[in-house]
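Here are some notes to read alongside the model, written as numbered points.

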Amino acid sequence: FPFPYTPYLIQERFMAALYSALEAGRVGIFESPTGTGKSLSLICGALSWLRDFEEKKRQEEARLLALEDSGQERGERPAAAEPGHPGSGGAAGEPGWVTAFLQKKEERDMVDRLKEEQIRRKKREDRLEKIRHNVQLKYATKRKRSEEDETKRLLQLSKEVISEGDGVDVLEQLDHNEEELILAEYESDDEKKVVSGLEDDDDLEEEHVTKIYYCSRTHSQLSQFVREVQKSPFGKDTRLVSLGSRQNLCVNEEVRRLGALQLINDRCMEMQKNKHEKKSDEEMEGKRRRASRTVCPFYSYEQMQFLCDEVLVEVKDIEQLVALGRETKACPYYGSRYAIPAAQLVVLPYQMLLHEPTRSAAGIKLKDQVVIIDEAHNLIDTITCIHSAEVSGSQLCCAHSQLLQYMERYRKRLKAKNLMYIKQILYLLERFVAMLGGNVNQNPGCQAVSQTGTVLKSINDFLFQSQIDNINLFKVQHYCEKSLISRKLFGFVERYGGPVTAVKTNKENQKLAGFQNFLLTLKQGSDKEGTPQSPPLEAENDQLRTASPLMQIEGFLSALTNANQDGRVIINRQGTVGQSSLKFLLLNPAVYFAKVVEECRAVIIAGGTMQPVADFREQLLSCAGVDPARVVEFSCGHVIPPENILPIILCSGPSNQQLEFTYQKRDLPQMMDETGRILCNLCNVVPGGVVCFFPSYEYEKQVYAHWEKTGLLTRLATKKKIFQEPKKANQVDQVLVEYAKCIKRCSQAGGQMTGALLLSVVGGKMSEGINFSDDLGRCVIMVGMPYPNIKSPELQEKMTWLDKTMPRAAGQAPSRVLIENLCMKAVNQSIGRAIRHQKDFASILLLDHRYARPAVFNKLPQWIRERTQVKPAFGSAFAELRK
């Protein structure tokens, strides 16, 4: 492979296995704990294969075209058998000459298609080459764009002057700004009338070339990855496109100010719809004058085509793409979508790829393409979360009140079909609140729930018991999505949902006083309910309060359209109706992943720590109907030498107390004291930073309080400054900066204090994505085994579903395997934070004798398992650590 980039990170076996998986069209599960080098290995191996694939394809095209040309020069006729000539018939018994004729026709059609592809490819390459080398062309395009903007501005100014002179009649005494709040006429049966967001000209869409879709978790990870690609040998001549959400790519400040993602999406789509409806409005101008509708100045085909070409010419990350969009006055969100067909490498967050409506809206076509999903250890959880939904009782009541007031105000202006669907949504909201034991006409914060607790129901049972089985949820969901009702409702609430003094005192607005007062009582009620019992989601997420609750409810309605066996509805009744909630839980993520696997040529699921991989094979691939022969699994070792890591399973502490942090024993004072003694001994010999992971925030807090009471915390503080992981995400960076500064200061100054101790939590903010490299993590300690809470209704339902649908593995029930896998995935992610590059070194301590059990031990990553020592006593383990 032509890849001279940090050679020690590129392992020959890894690259060869990846190449063969892509060549054979396999589904690969790849594990390589090499940080950024692993991601670069993946993409460089894939791009090498893609170059070879394109070269082979071009050679085959050239051969077929040469055969066609030579046949035409000689004037050969198709090699078809004469009628009655003996020959082998077709598969259905047709005469030989018919089969030969059809075969020849297919060949000719294929040759014609190849010629068209060649012409399109040549035009594209010539255009990109011209842009790449002709600087004057760029300046000419910019100058032309400035002139067009000035012309548009003057035309708009003249229109405004004329409209002011004529005077505008307001329809039915409505404020002209309210015109945009009215729902457009809805035609559910005619899909062709739905605006797609792209230009109507079919010739604009290019045919998709064979490409690689590279997915990771976050936009920041993708930006980091793109910057590495820019530095690699592939960075100069690879057509790369970065995709993202409107929230990340929108350059229209008016839209960006909305904040919430759903509001930005709805506003953007509405502005597009206004642009498409502009012509029809202008045609009706002679009959009646309509209020002007806002269109996005950045949504112009010429501007976005220019941005598309710029993106394909040179590799750009998301930040550079946004800057280019502002400079060229073109929408980066749609401009990047225009570039997808011609791109060789498309970089996107994997939520965009795994959610089918988002995938189709972005113009992503997976047929015969390659998909690489990096950082895939949480893939099953991600698919489950994307397709699950939860709504609270207060959101349901608030949405009902808003929608009812909206319908009453604009009833005379709404078409019959709009009214029908709005009434159906209102009925659904009434029934949902009734299922929580409440009434939509009363304040949810004041309605006490008679029977508290959690109940799980199948989708069909929930629909029957809530008496909504006679409503077609598919049509209601489609209506909500296409009519933009949540956006219209949000605009209505923005206008009339504020303080009473902000509203003009006319008759229409006085009717809304009750609505405003109701919203105020909702807000006051939610403020009073700010107790530890209230749902933390509403307290932490301020964006949801500013958005219309109908947006959350649309997600729940969509979830209810799943097959009955693939999900459950959880009815959680707590205290008041406002605190209660309805939640849809997806049980079978394979139904959504199956479509990805079926369409793609090859799928690579990769990560630094993928063990245990049984979940991927059974819950994702087997349930998706993937042939086991198509699945290939590959794991390679770490780049560090064996002596740079010391993993130890410690079975007992300094006072010979057996270490077993089960739920029954971990709260014992002697167990917490023994953990403290271990830490004190380690902090005496380990330099730099020590990171200690606890199973939960509650247990970490309990142990910290116990150590504080016994004085052990003071002893620890003489050697290491103690830091605790914060619960709030916005405080994590500050703690990490202080932790790193302390370690650096201690290493430079010397003295009695040798570094810092960070008390962290498995599954918390610091167990994934944080690099405790070098002195930041010379020792990682895992206290106990972080098993999930098996009393959780969601987990219990998942376990029951697995036991019913999955076969037993090695004598173990699938539910038991799931619990162990969830535990060990969390452990593997946490202990992998310490070793981050080739020259790094660290020790890893697993404090619990249960880690030595074969079933658990074998689920450690191979590169750790091969070097792990099991120590029954603390003395021998401490001696190894001192070395």
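1. The helix that gives the most to the lining of the largest cavity is α8, with five residues. Both α8 (261–283) and α11 (332–338) supply at least two residues each to that lining. Helices here are DSSP runs of H or I with at least four residues, strands are E runs of at least two, and both are numbered from the N terminus.

2. Please keep in mind that this is a predicted model, in which local features need pLDDT of at least 70, side-chain atom pairs count only at pLDDT 80 or more, and totals for chains, interfaces and linings use all residues. Residues are numbered from 1 along each chain as its sequence is written, and side-chain values use heavy atoms, leaving out hydrogens and water.

3. Back to the largest cavity: about 150 Å³ of space lies in it. Its lining has 16 residues, and those nearest the centre are Cys250, Cys268, Cys296, Cys331 and Tyr334. By class the lining comprises twelve nonpolar, two polar and two charged residues. The classes are nonpolar for Ala, Val, Leu, Ile, Met, Phe, Trp, Tyr, Cys and Pro, charged for Asp, Glu, Lys and Arg, and polar for the others, Gly among them.

4. How many cavities of 30 Å³ or more does a search of the whole structure find? There are seven. A cavity is a set of points, on a 1 Å grid over the protein atoms alone, where a 1.4 Å probe fits but cannot get out; lining residues have an atom within 4 Å of a point. Points are joined across faces, edges and corners, and the volume is the space filled by probe spheres set on them.

5. Now for helix packing. Helix α16 (residues 416–435) and helix α24 (residues 550–559) have axes that come within 12 Å and cross at roughly 85°, and the two are therefore roughly perpendicular. Axes are lines fitted to C-alpha atoms over the stretch in contact, with angles from 0 to 180 degrees between N-to-C directions; under 35 degrees is roughly parallel, over 145 roughly antiparallel, 65 to 115 roughly perpendicular and the rest oblique. Ile425, Leu428, Leu429 and Phe432 of α16 meet Leu550, Ile553, Phe556 and Leu557 of α24, contact being heavy atoms within 4.5 Å. This contact has eight nonpolar residues, with no polar and no charged ones.

6. Helix α15 (residues 393–410) packs on helix α19 (residues 485–496) at about 85°, with axes 10 Å apart, which makes this pair roughly perpendicular. From α15 come Gln402, Leu403, Gln405, Tyr406, Arg409 and Tyr410, and from α19 Ile485, Lys488, Leu489, Phe492, Val493 and Tyr496. Their classes are eight nonpolar, two polar and two charged.

7. Helix α31 (residues 793–805) and helix α32 (residues 814–831) pack at an angle of about 130°, their axes 7 Å apart, and are therefore oblique to each other. Leu795, Lys798, Met799, Leu802 and Asp803 of α31 touch Pro814, Ser815, Leu818, Ile819 and Leu822 of α32. Seven of these residues are nonpolar, one is polar and two are charged.

8. Do have a look at Lys728, in the loop between β14 (720–724) and α30 (732–749). Lys728 is exposed, at 54% relative accessible area. Exposed means over 50%, buried under 20% and partly exposed in between, with a 1.4 Å probe and protein chains only. Lys765 is 37 residues from Lys728 in sequence and 8.7 Å away, C-alpha to C-alpha.

9. Overall, the protein has 35 helices and 18 strands, and 50% of its 883 residues are buried.

Technical notes:
1 Å grid on protein atoms, 1.4 Å probe; cavity = no way out; pocket = protein on both sides within 12 Å on 5 of 7 lines; lining within 4 Å.
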